[in-house]
Every structure is written in structure tokens, then in C-alpha cells.
Amino acid sequence: MNSIDTIQGWLVNQIAKQLGIKAETIKVTEPLTRYGLDSIDSVTIVGDMEDWLGAELPSTLLWDYPTIEKAAKYLVDEAGVSPAETATAEPVAVTSKPKEEATQGKGWGGLWNKISGS
Amino acid sequence: MQPLKQFWVAEALEKDLGDPGNPESMMSFKQVIDLDEKEEFPQEIIDWLYNWKLQHYYIPTECGGEFTRFDEFISFVRVLSRRDQTAGIAFTTMFWSYLVWMAGTDEQKQILSSFMKDANGTMCLAYSEKAHGSDLLGGDMQATKVDGGYILNGEKWPINRATRSGVAFVLARTDPDGGPRSLSLFMVEKSKINPDNFSNLPKILTHGIRGSDMSGICFDNCFIPESMRLGAEGMGLELALKGFQITRALCAAFSQGAADTALRTTLKFAIERKLYGKTVFDMPQPRRTLTDAFLDILICDCSTFGVGRGFSTMPEQISVWSAVVKYFVTTTLETVVNNVSVVLGSRFYMREAHDWGIFQKVLRDNSIISMFDGSSVVNLHALLLQLRQLTKSRARNAGKNLEALEARLATTFDLTQNLPAFNGKKLELVNRGGDDVLQGLDLALASLEKLKTDSNLNPDTLYQIITLTDIVREELNNLDVKITESTFQFGHEQDPELFDMAKQYCILHAAAACVYTWIYNRNHLGEFFANGEWLALSLRRLMSNLRPATSLPGRIDDSCVVQEMIRLYNEDRMFSIVPFQLAKSQLQETTTDATPKLQLQT
């Protein structure tokens with residue numbers, strides 16, 4: 001699994017959890033507003049992403065990249081963010097493989113728990 | 001002269017406006033009541049203010065004006081508002097110009113600056129719509145792209161100064177697909193568009209601020225050139241939200257002006273009115289009511305000065321600070337006005353019997369402040385969405401970079417310190433880096449402990465301050481636990497419990513602001529301020545919202561607070577931690593003979 005998939009998975013899971021809907025029903029190509037996430041919600045969720053990624057992100061990230069797919073692509077391809085190095089809590093510039101254990105969880109729930117440590 | 005420069009404009013304006021109790025002076029209570037009775041726009045007052053060149057203080061120096069800092073601004077808006085909120089609000093709609101100072105091109109800044117200075121121009125804000133209220137993204141106003149500009153279609157309502165403004169800041173949809181980037185903001189210069197394509201809706205009859213030019217604007221296939229767009233296409237919502245961060249914080253100044261008059265005119269009544277062989281003021285219950293109102297004003301003062309200066313020192317945190325102040329200060333001071341009405345008895349409801357009936361006008365006018373520019377619910381919502389992040393960042397920042405934190409707090413709260421220039425580009429939609437005000441509580445407690453060696457301080461007072469500040473910290477920890485355990489929700493159907501948590505956050509924030517204000521200004525705001533009884537009483541008052549009174553330290557003697565309130569009343573000074581000089585009252589001289597006796601009795 002690559003970084004884009006990992007970020008997509010985290011976002012799907014996070015949004016499913018926050019909105020109380022099943023992760024399977026969320027399509028990464030749909031605008032997030034379709035799931036009832038309003039403009040201010042999508043600003044505050046960036047704060048959670050910052051914690052998870054250990055990187056400072058533009059708060060309007062999900063305004064400018066309004067689908068999960070677009071946001072993940074932007075983060076990896078343009079911002080150079082990699083979710084694997086979150087343990088360092090430092091902004092990361094080099095893309096590398098996510099931790100092995102992160103890929104073992106079945107479904108995104110297990111992945112999120114392992115990565116976020118919560 | 002007042003040593004603190006940021007109060008010079010307010011004092012000069014006061015002096016020139018004269019005693020509001022003198023019917024002949026500009027913005028006298030009689031004049032503003034007469035206008036209100038007729039529901040007439042206060043044009044003469046507005047003209048006078050333009051002639052005084054007050055509009056220059058709405059324009060930053062780099063854009064050709066005199067504005068340099070928000071704490072100065074807050075002080076002179078208090079002056080306007082203590083006399084008449086109708087005129088104060090009408091004149092201060094000019095502060096929407098900050099949208100242009102933040103996001104405009106040099107040419108747009110130049111146009112607006114000369115419109116305000118040379119043409120006595122004003123502007124209005126056309127954001128909300130009848131069908132959508134606070135839901136800005138739900139708006140129906142369209143801006144359809146055409147060659148060289150846009151075609152505007154739709155209706156905005158309600159708008160203060162809709163008909164008299166030469167410039168309307170209009171939020172309209174440029175992307176029919178919707179979403180947070182679908183709105184753009186336009187600086188519509190009415191003189192440059194075809195008058196056949198826009199019109200005004202009828203004046204709205206309101207509960208208070210009755211002379212306001214309040215209506216709506218309707219655009220019908222109205223062409224506007226591209227040069228009227230502020231910022232890039234799709235920036236509208238972001239600019240609107242950042243603009244609100246500024247104006248919401250400044251709304252506190254309207255409330256503080258109103259609360260000053262409500263207290264002052266009630267105090268005048270209480271000192272002069274005799275019942276049961278005593279003055280009303282001699283009776284413990286009315287005196288306590290007035291003293292508590294004075295304390296509430298001082299509490300709000302600390303928050304308002306804090307956010308005013310915070311714009312310069314920590315703009316990236318203002319999304320939280322301004323929501324706190326817009327909620328806390330406006331609703332607290334609304335309660336102050338209501339509370340002191342009891343002392344006036346039936347007079348509060350009468351339109352002629354006391355000081356031309358200014359109290360009932362204040363009561364009516366002031367009730368809009370917590371509603372406009374984002375209601376209390378909107379502000380608490382903005383805050384509750386951030387609570388979880390604030391809690392996390394507080395844990396993450398604990399014990400780190402303490403020197404930098406202390407330096408930021410000192411610059412923010414020490415009123416004698418110079419402020420760095422405000423940079424609007426540093427505003428953030430959500431708080432970045434935590435909330436210094438609550439982060440600094442441990443530092444504050446450490447500073448308070450050191451004061452135990454200060455022989456000038458009453459040990460009992462200091463004990464109360466330390467104990468109560470520690471309670472603030474405990475309650476913050478309790479709140480953090482509650483926030484962490486709460487289920488976070490999106491959307492607009494949040495649990496009422498989350499709103500309660502946001503309210504508690506505001507109270508703790510206000511308490512911390514009081515503590516820093518005292519710590520950092522003890523040496524230069526006079527003896528009353530330095531002694532700190534007001535702080536001990538204020539903290540107790542704030543914490544009684546969170547804990548039963550029996551679990552708090554007992555209320556200390558408040559006679560010094562009573563005396564200070566009477567002193568400020570007698571000397572015509574603002575009820576404030578910085579009691580700057582107001583216009584000298586001619587009528588009050590007859591009452592000063594009676595008041596030394598009052599001071600001795602208290």
C-alpha cells in the first residue's frame with residue numbers, strides 16, 4: 001500500500017466515524033459535502049490530519065481539494081507528506097513506505113487505531 | 001493627559017462631543033432620544049463625526065489613514081456607543097473596509113480610502129439573505145461571469161446602511177456547483193453601476209436602534225466590472241469568515257459603551273433618589289447589584305483589551321479569541337443592563353422620567369449586539385468545533401516554549417507595551433498553535449506565587465486570587481476531560497451539552513484574561529487596580545458560574561470597589577480598568593457634595 005492509499009483510508013475512516021456512517025458507503029471520488037460535512041467541519045478536520053501526519057497543512061485543504069482522492073494526492077504528490085513517519089511528530093518531506101503493521105489491519109478501522117495510537 | 005497613547009483619540013473625541021447630559025451638546029441623550037422617537041437617521045451626528053475626521057481612524061496608516069491598533073479603536077467606539085448605539089453602529093459599519101485593507105488591490109484600497117476620507121462615504125455588508133440567515137453557503141445571490149465582469153442577480157437582507165452606503169460588500173455565488181469555494185466577494189461601488197439594475201427594499205422597523213437605515217438590496221441583472229471583485233474568485237467565504245473575526249471582537253466595544261451608560265445613569269438615580277430616609281445607594285442590595293455590574297464591566301474590559309491587542313500579537317489564534325469575546329462580552333453586558341434595571345425600578349421602563357429615558361433606549365439598542373455579525377449560537381458553534389483540537393494542543397504544548405509564551409502574554413496584556421503592526425494575512429480560519437490565554441495559566445500561577453513576598457499586597461486578597469486562579473486551572477482540566485470524553489459531531493445538530501462546554505470555555509478564558517491583565521499592569525494602572533480586590537471578586541464571580549458558592553472562598557469586602565465606582569462616576573471617567581477621562585458633566589457637580597459622605601459610609 002502506498003501513502004496515498006493510507007491517507008485516503010484514514011480520511012474515509014475518520015469521516016465515517018465522525019458522521020456515524022459506514023466506511024464502505026464513502027467514495028473517495030465524491031465531494032465531501034455530499035456526506036453532510038459542511039465548510040467549517042472540513043476546516044476543523046484538517047486539525048486532526050495535522051496531528052496524525054505531524055505536518056502543518058493549509059486549513060482550507062479540503063476546500064481546495066474537496067474529495068478524499070484529490071486531498072490525498074495533493075498531500076503526497078505536492079506537499080510531500082508521508083503518513084509513515086508520524087511517530088516523529090516532525091513535518092516530513094520524504095515519501096516512504098508506511099509501517100508494515102499498518103497494512104495488516106482488516107478494514108480502515110484497525111489501520112487508524114494503529115497509526116493514531118488511540 | 002492620559003499616559004497611555006491608545007486612549008488619546010477617545011479622550012479627545014469625548015472632550016469635543018461634550019457632556020451627553022447637556023441637551024445642547026452633540027450626541028446628547030436628549031438629541032439621540034428625540035431622533036429615536038422619530039425613528040430618524042442621525043445624519044447630523046454622522047456629519048459631525050466626519051467633520052471631526054473620525055473616519056480616518058478606520059483606515060490603516062499604510063492605506064492613507066490614521067488607524068494603527070485595535071485597542072485604540074475599541075476605546076473610541078466605546079465613546080460613541082455610550083452616547084448612542086444607533087449612530088455608533090451606523091458610523092462603524094465603515095469597519096467593513098477591513099475586507100479591502102486585508103484582500104484588496106492597491107487600487108481598490110486607494111478607491112476606498114479616498115471614498116471614506118474625501119467623499120464622507122460609507123459601506124454596508126450584504127451577506128445574509130431572508131431565506132438563509134447565517135447559512136452563507138446556502139445563499140441564492142448569483143454572480144454570473146461575463147466578458148469583463150459579472151452579472152449580479154438576487155436579494156440581500158437585512159442590511160444596516162443599505163440605502164445610504166456608497167459601497168456594498170456583496171457575497172455572491174460564482175460557482176453554481178456550490179461548495180466552500182463557490183462564493184466570491186465584491187466591493188460594489190454603487191456610483192459605477194446602472195441604477196436601473198439595483199434597488200432597496202423597504203426600511204425594516206426594529207425593536208431598538210430605530211433610526212437605523214436598515215433594509216435590503218436587490219440586484220436585477222446588474223453588471224459589475226471584474227475590478228470590483230475582492231481577492232480571487234472563490235475566496236468569498238474565507239474572506240467573510242476572516243472579516244468576521246475582526247468585527248466580532250470589535251462588537252464588544254458597542255456593548256461596553258452601552259453598559260457604561262446603563263450603570264452611570266442608574267448610579268445617578270441611586271445616589272439622588274431617597275426612600276425610607278436613605279438614598280437607594282445606601283441600601284445594601286441595590287449597592288451590591290451596582291457593584292457587581294461594575295465588576296462585570298471590568299471583567300469584560302480585560303477580555304476586550306486582550307483580543308484587541310491579540311490581533312497584533314497572536315493573529316493565528318483570533319478565531320478562538322474573537323468567538324469567545326463576541327459571545328462572552330456581549331451576553332455578559334446584556335445581563336448587566338438587565339440586572340441594573342432592577343435598581344431603577346419602574347424608571348427603567350419609562351421614556352421621560354430619568355435622563356431623558358436613555359436607559360430604555362440602551363436596553364433596546366444593545367440587545368442587537370449579541371445577535372449581529374454572527375449570533376451567540378453561531379459563535380459558540382465556531383468555538384465548540386475547535387474544542388477538541390484546543391484540548392489536544394494544550395496537552396501537547398504543556399511545559400514547552402514557556403519563555404516565548406510568557407513574552408507573547410506580556411505583550412498582549414501589558415497595556416504599556418508597543419504592539420507589532422497587525423497583519424491580516426496571518427488570520428487563520430481555525431486556531432493554530434493552541435490558545436495562549438489558557439495555556440499560560442501555569443505561568444500565571446507561578447507569577448502569583450512570587451507576589452507573596454510583595455509587602456504592598458494584602459495577603460488575604462492575594463490568597464483569594466491564587467486560590468481562585470487555581471480553581472480556574474482545575475475547572476479547565478475538568479473541561480478538558482469532558483471534551484475528550486465527548487463524542488465529536490459535525491453538522492448543525494450539535495448536542496446542547498457541547499454548547500455548554502463552549503460557554504464554560506469562554507468563562508475560563510475571561511478569567512485567565514483578568515489574571516494576566518492584573519499581573520502585567522500592576523505597576524501602572526493606579527492603586528485600586530494594583531490592590532487586586534477587584535480581581536479576587538471578579539474571579540469569584542466568574543467561578544460561581546461553574547461551582548456552588550459554598551465551595552468557593554468567601555466573598556471579600558468590596559468597599560474599595562464601591563469607592564472606585566463612585567470616584568469614576570464623580571470624576572466622569574469611563575468604568576474601566578483604564579478609566580480614561582470622559583467629557584466633564586455640568587449637572588453632576590451638584591451631586592458631588594453628597595458623595596464624599598457615601599464614600600465614607602462604604
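**Exercise 1. State where B:Thr92 sits, decide whether B:Thr92 is buried or exposed, and list its partners.**

Solution. Step 1: B:Thr92 belongs to helix 5 of chain B, which covers residues 85-92. The model is a predicted one.

Step 1: the relative accessible area of B:Thr92 is 9%. The cut-off for buried is under 20%, so B:Thr92 counts as buried.

Step 2: setting aside neighbours within four places in sequence, B:Thr92 is in contact with B:Tyr58, B:Phe73, B:Val77, B:Leu80 and B:Phe254. With one of these, B:Tyr58, the side chain of B:Thr92 makes a polar contact of 3.0 Å.

**Exercise 2. Carry out the analysis of B:Arg69: its element, its burial and its contacts.**

Solution. Step 1: B:Arg69 is in the loop that runs between helix 3 (43-52) and helix 4 (70-83) of chain B.

Step 1: B:Arg69 has 15% relative accessibility and therefore counts as buried.

Step 2: the side chains of B:Arg69 and B:Asp71 are joined by a polar contact of 2.8 Å.

Step 3: not counting residues up to four places away in sequence, B:Arg69 touches B:Gln6, B:Arg309, B:Gln417 and B:Leu419.

**Exercise 3. Describe the backbone at B:Tyr276, B:Asp373 and B:Pro158.**

Solution. Step 1, the reference: most residues other than glycine have a negative phi, and most peptide bonds are trans.

Step 1: B:Tyr276 is not a glycine, yet its phi is positive, about 55 degrees. B:Tyr276 occupies the loop between strand 9 (274-275) and strand 10 (278-279) of chain B. Its relative accessibility is 77%, so B:Tyr276 counts as exposed.

Step 2: B:Asp373, also not a glycine, has a positive phi of about 60 degrees. The loop between helix 11 (358-366) and helix 12 (376-384) of chain B holds B:Asp373. With a relative accessible area of 18%, B:Asp373 is buried, whereas B:Tyr276 is exposed.

Step 3: the peptide bond leading from B:Trp157 to B:Pro158 is cis, and its omega is near -5 degrees. B:Pro158 lies within strand 3 of chain B, residues 149-160.

**Exercise 4. Name the buried residues of helix 16 of chain B and the helices they pack against.**

Solution. Step 1: helix 16 spans residues 441-450, and its buried residues are B:Leu441, B:Leu443, B:Ala444, B:Leu445, B:Ser447 and B:Leu448.

Step 1: these buried residues pack against four named helices of chain B: helix 14 (402-413), helix 15 (436-439), helix 17 (459-485) and helix 18 (496-521).

Step 3, a general point for reading the list: an α-helix has 3.6 residues a turn, so residues three or four places apart point the same way.

**Exercise 5. Summarise chain A as a fold.**

Solution. Step 1: chain A contains five helices and zero strands, in the order α-α-α-α-α from the N terminus.

Step 1: chain A has 118 residues, and 50% of them count as buried.

Step 2: among its contacts between residues at least 6 apart in sequence, 56% join residues at least 24 apart.

Step 3: the accessible surface of chain A is about 5600 Å², with 50% of it on carbon and sulfur atoms.

**Exercise 6. Characterise the interface of chain A and chain B.**

Solution. Step 1, extent: 22 residues of chain A contact 20 residues of chain B. The two chains bury about 1900 Å² between them, and carbon and sulfur atoms account for 57% of that area.

Step 2, polar terms: eleven residue pairs are in polar contact between the chains, both residues being at pLDDT 80 or more. The rule finds seven salt bridges across the interface. One salt bridge joins the side chains of B:Arg396 and A:Asp51, with an N to O distance of 2.7 Å.

Step 3, elements: on the side of chain A that touches chain B, helix 1 (3-19), helix 2 (39-53) and helix 3 (61-64) of chain A each supply at least two residues. Helix 2 of chain A gives the most, with ten residues.

Step 4, composition: that side of chain A divides into eight nonpolar, seven polar and seven charged residues.

Terms used
Residues are numbered from 1 along each chain as its sequence is written. Chains are lettered from A and ligands numbered from 1 in the order in which they are written. This is a predicted model: local features need pLDDT of at least 70, side-chain atom pairs count only at pLDDT 80 or more; totals for chains, interfaces and linings use all residues. Side-chain values use heavy atoms; hydrogens and water are left out. Contact means heavy atoms within 4.5 Å. Buried area is the accessible area (1.4 Å probe) that two parts lose on being put together, summed over both. A salt bridge is a side-chain nitrogen of Lys or Arg within 4 Å of a carboxyl oxygen of Asp or Glu. A polar contact is a pair of N or O atoms within 3.5 Å; within protein, one must be able to donate a hydrogen and the other to accept it, and residues adjacent in sequence count only if both atoms are side-chain atoms. Ala, Val, Leu, Ile, Met, Phe, Trp, Tyr, Cys and Pro count as nonpolar, Asp, Glu, Lys and Arg as charged, and the others, Gly among them, as polar. Buried means under 20% relative accessible area, exposed over 50%, partly exposed in between (1.4 Å probe, protein chains only). Accessible areas come from the Shrake-Rupley method with a 1.4 Å probe; for residues, only the protein chains shown count as cover.
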